[in-house]
Protein chains: 2
Amino acid sequence: MEALDYHAEERRKAEFDVEEMKIVWAGSRHAYEVSDRVARIVASDPVFQKDNRTMLSRKDLFKDTLKKAAHAWRRIIELRLSEEEATKLRFFVDQPAYTDLHWGMFVPAIKGQGTEEQQKKWLPMAYKMQIIGCYAQTELGHGSNVQGLETTATFDPQTDEFVIHSPTLTSSKWWPGGLGKVSTHAVVYARLITDGQDYGVHGFIVQLRSLDDHLPLPGITVGDIGMKFGSGAYNSMDNGLLRFDHVRIPRDQMLMRLSQVTRDGKYMPSDVPRQLVYGTMVYVRQTIVADASSALSKAVCIATRYSAIRRQFGSQNGGPETQVINYKTQQSRLFPLLASAYAFRFVGEWLKWLYTDVTERLQANDFSTLPEAHACTAGLKSITTTATADAIEECRKLCGGHGYLSSSGLPELFAVYVPACTYEGDNTVLLLQVARFLMKTVSQLGSGKKPGGTTAYMGRAEHLMQCSCDVQSAEDWLKPSIIMEAFEARALRMSVACAQSLSKFSNPEEGFAELSPNLVEAAVAHCQLIVVSKFIEKLQQDIPGKGVKRQLEILCNVYALYLVHKHLGDFVSTGCITPKQGALANEQLRSLYSQVRPNAIALVDAFNYTDHFLSSILGRYDGNVYAKLYEAAWKDPLNDSVVPDGYHDYVKPLLRQQIITARL
Amino acid sequence: MEALDYHAEERRKAEFDVEEMKIVWAGSRHAYEVSDRVARIVASDPVFQKDNRTMLSRKDLFKDTLKKAAHAWRRIIELRLSEEEATKLRFFVDQPAYTDLHWGMFVPAIKGQGTEEQQKKWLPMAYKMQIIGCYAQTELGHGSNVQGLETTATFDPQTDEFVIHSPTLTSSKWWPGGLGKVSTHAVVYARLITDGQDYGVHGFIVQLRSLDDHLPLPGITVGDIGMKFGSGAYNSMDNGLLRFDHVRIPRDQMLMRLSQVTRDGKYMPSDVPRQLVYGTMVYVRQTIVADASSALSKAVCIATRYSAIRRQFGSQNGGPETQVINYKTQQSRLFPLLASAYAFRFVGEWLKWLYTDVTERLQANDFSTLPEAHACTAGLKSITTTATADAIEECRKLCGGHGYLSSSGLPELFAVYVPACTYEGDNTVLLLQVARFLMKTVSQLGSGKKPGGTTAYMGRAEHLMQCSCDVQSAEDWLKPSIIMEAFEARALRMSVACAQSLSKFSNPEEGFAELSPNLVEAAVAHCQLIVVSKFIEKLQQDIPGKGVKRQLEILCNVYALYLVHKHLGDFVSTGCITPKQGALANEQLRSLYSQVRPNAIALVDAFNYTDHFLSSILGRYDGNVYAKLYEAAWKDPLNDSVVPDGYHDYVKPLLRQQIITARL
């Protein structure tokens, strides 16, 4: 029997080699093979099944998460998975769990901030999960402003201990994942006080719960902070609250790589460069950009597949109606998001390279590229997560009413994704950091100091401030050089305009505050330029496979011209392009959509997502949407009984006109 | 003891009479008094408490909804509430329930489409809730395209009955609220077939469940369609699925006001004008616009209050940090939404007038204003719901991490609100209807036919196509005449540009399809003009109260200039304003934010929302956010036990290195 495939015709239409595109998407043949194999292991395992997740109560969902985490760990050991494979496995299990923080924050914090001795003591236990750790930084009253944290760690020279304490309600630790119910240990960030002096925020390893009976240790109040956005989603995570009542820890549990407190209470910075911390931030943020492309591509895959199944209007002589993917309005909303998924994938790949590069330089004591790398990862984290959150919701709307069903997968994807806009740096705060860096770069333009890396274009300020766009016809907009110059000119002119406005303020900080909305826009322009330029650079590589490069060129153009259209005000009002050229860009964009159309399904197939990972009836590989929606509906607990619970108490008395006397 | 009020200082700063503003917001003193009284009745009633809603399982939530609906009905009877008051009561109970559809769709459908005889038979039962009805239109495979519905109603002259049947899986009714578990009856839309001919979609009253035991009648399969977006939210509603297997109903249960089938199976249109149906659409959509301003104002109220409580950065000498509402980036994102809430409120008020006007004209057989009224309500439904959905999520982000907690109220508000973008006309489909109307209006400009109502400005095409904006200084942007002309010119020029592009296509329908993304943008420009113009018209009324009008003028300018900035590409590329004038608009906007700032809390107080209705710890009237967040966290079921369920099975074996042998 042939497998059912409602998308077969769409797949036949593809003009490129999907298998080769899968490798491009994955980054390498090796990455593709690991992903593919591990995804199948997860998808075929009944314990990892997740399609009923949104129907579980908080308690059941949490228990299910503990089970999955334990089972994942068992499979990792049984199959002797490498670190790369284990990470992939957790990724495909796709349910936020305490292990994310243990592996993603606790272990790296000890590695990055612990001395060699400390690493030797704590890491082996953490690697074997004999202890489970979390990362307790954020407080009820302090998120973005880490330096404002209130928890104190006061050194007591009498006992050679730190006393960890929560002096106020707002100093309660609040949000750390894995803290609420599971972690036995935490890296706690607290103000280091010794000899009566406050040395600011430092990290300390604190045991929270007994390894015998899991009860909180004396002086520790710990619990879950409660339900979060959506059903399923991040409610599988025990984001926690934590209060200390004079909890004592040995002095050597302060993470002492960057600075230490001696036996007699002296504070001593070490000679390890503090910039190393920024290296870690570059690392974390590049993973966030990679996650953005994953989340976005999931949403796009669902919306694209369902847009080819769903038909509405346009029936001729009783024939089938038109697939909604054929409507230009649908294409103009969907295809730029498809292009964005690829764009973010490639910029994420480049950020991985950047991290390696920065790390190597740091090891060689070369800090020169760090500010630029830091600004660029902060900015890319911001624009890719904002765009992805918006895009997931847009994909949901593109699925019409059915996108609102949990079984479409999109509501949960949105709910689980949106915190990325806030954690690891609020997106607006990050853009202001980028803007600060840009203003500094602009101010140094006259000084002979050559801007490097992603700001190299600013070195061509003279040209970019006065150049005019060469576009005469819609096709001209396909030239990478034209696109690059337009984006560079726009970004530079917006930065320069801000710098000029700033210079009118006598107090620069006041000016920066007053103009911050404009500065944010300039930062966005700069970051979008980076994404466009990395996509174009990717296309300069050798990309094998029939038609693969051609498709990527189309998507690159879609991405760039979509931005031109969306930010037309920037481009036209800075004089980078004329209104006529803006209209030509838009015209070219429409024609590109027609080129994407026959390849749309294949372009999302190239993500190589299993139905398990997508967890969406609308996004099923075989397109068998309606029968499966109907089938799934009956699984809702409300359908357990024909007459609903509550009918006799609350509906019948009403129908019988006995509501006044009914016992409600 | 004085009541705690963390916002006291903010409230003292207000420069206007908040009590008078409450009346402006409500629409009249009477409306204010009714709202205020009914809101308090609901807020003080323990049965209507809703702060634990997101923690309930689907079944418990549904049972809770049935209880609230029954209790609401009892209170309505006991307190002898008027229809206006009863509607308000259901509004403040604020939990989607089958009664919404019974009162909002089932009853109006019978009123609008039933003959006098039918109304006499069915309405008294419906008014007393002896029967409960829903509105069964949408099918699994058909939403937007109502004419494509597949359910059939075939007349059988032998028995004088209609046979209602679901011929395909995709013809299953899908989505109707109240259908899944509660409704005893439905107005079912089906293709009327008599004498072998298909007369298209008509409405039929069909009993679904026994009034004795609530079991589905023979031939009827009915159930709930399953979980939807979010926790709490619309999961309180039993959106349902419904299949008919040759279900017979008497001929007189076809709704026969507009057309009928005679005893011998003849199809006969009546002499009642079909345009009446459009009158109903105007009604329904104006309520949706009113709901948009409610939902948006709730979100804005929460975000504004919390922005005044939350502090981050900027501490000087150990003093308190800066309230985040003082940051220009926060203001530039929040205050336009505050202004939008007021703008949508006033355009909603105007739509109420429009509906009355249209109704009176229809009764006098004057259909002349109907197409314009229809286009304008369709368009306003689209742009206000899209903007509101986006704004709720923006407000959530503006609350930082804590906005992600269910107890902030914002996740549930978003989840419960977003379907408004899809139901009663998908927002993109509606904008295309507006665009079609605009293209028709433009094409008739030369013909001497004067465009009326909201398109009257198109009558001044000659001027608007060539006028240039007079703005010389930022202050010039405060003049209503300047704003109006810029918005009119932009809207007209975008429509005319579309019309010109369309004229190049030999097949107009092909052209319309190809250019649809541009047409959508032209429609948005037209609808934004309407909102701006109605705000400006409102300000021409006499508005009493110290400083009240002044505040509204500021908000009106914020709304208009925010749109100018957001759609700068439209304004500049059509030559309506210069880049320099765009920059001046932005400058003026920043200065307006400073004027909104001291009044922000009072401006959201003017919505007069109870803490019950807001259901948000961040939005509490007294601003006591952190203590209450902390208190609420402990109520999560996960905190019922210190050691979580699942610890012994899934965590302990892992910590003890016994995972391989554990029984998972």
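Guide: One definition to start: two strands pair if DSSP finds at least two bridges between them. Also, this is a predicted model.

Visitor: Fine. What stands opposite W174(B)?

Guide: L241(B), which sits in β8(B).

Visitor: How do β4(B) and β8 of chain B pair, and over how many bridges?

Guide: They run in the antiparallel sense, over two bridges. Strand β8 covers residues 240-244 of chain B.

Visitor: What holds strands of a sheet together in general?

Guide: Backbone hydrogen bonds, in either parallel or antiparallel pairing.

Visitor: Back to chain B. What is the strand order in the open sheet of three strands?

Guide: The order is β4-β8-β7, with antiparallel pairing. β4 (173-174) and β7 (220-224) of chain B are at the edges. Each has a single partner strand, so one side of each lacks a neighbour in the sheet.

Visitor: Which domains does UniProt give for chain A?

Guide: Among them, an unreviewed entry puts "Acyl-CoA oxidase C-alpha1" at residues 278-439. "Acyl-CoA oxidase C-terminal", also from an unreviewed entry, is placed at residues 480-655.

Visitor: How much helix and strand is in residues 278-439 of chain A?

Guide: That span is 73% helix and 0% strand. Its end C-alpha atoms lie 20 Å apart.

Visitor: And residues 480-655 of chain A?

Guide: 71% helix and 0% strand, with the end C-alpha atoms 69 Å apart.

Key: Residues are numbered from 1 along each chain as its sequence is written. Chains are lettered from A and ligands numbered from 1 in the order in which they are written. This is a predicted model: local features need pLDDT of at least 70, side-chain atom pairs count only at pLDDT 80 or more; totals for chains, interfaces and linings use all residues. Side-chain values use heavy atoms; hydrogens and water are left out. UniProt positions are given in the numbering used here, feature names are shortened, and annotations may be inferred rather than shown by experiment. Helices (H or I, at least four residues) and strands (E, at least two) are DSSP runs, numbered from the N terminus.
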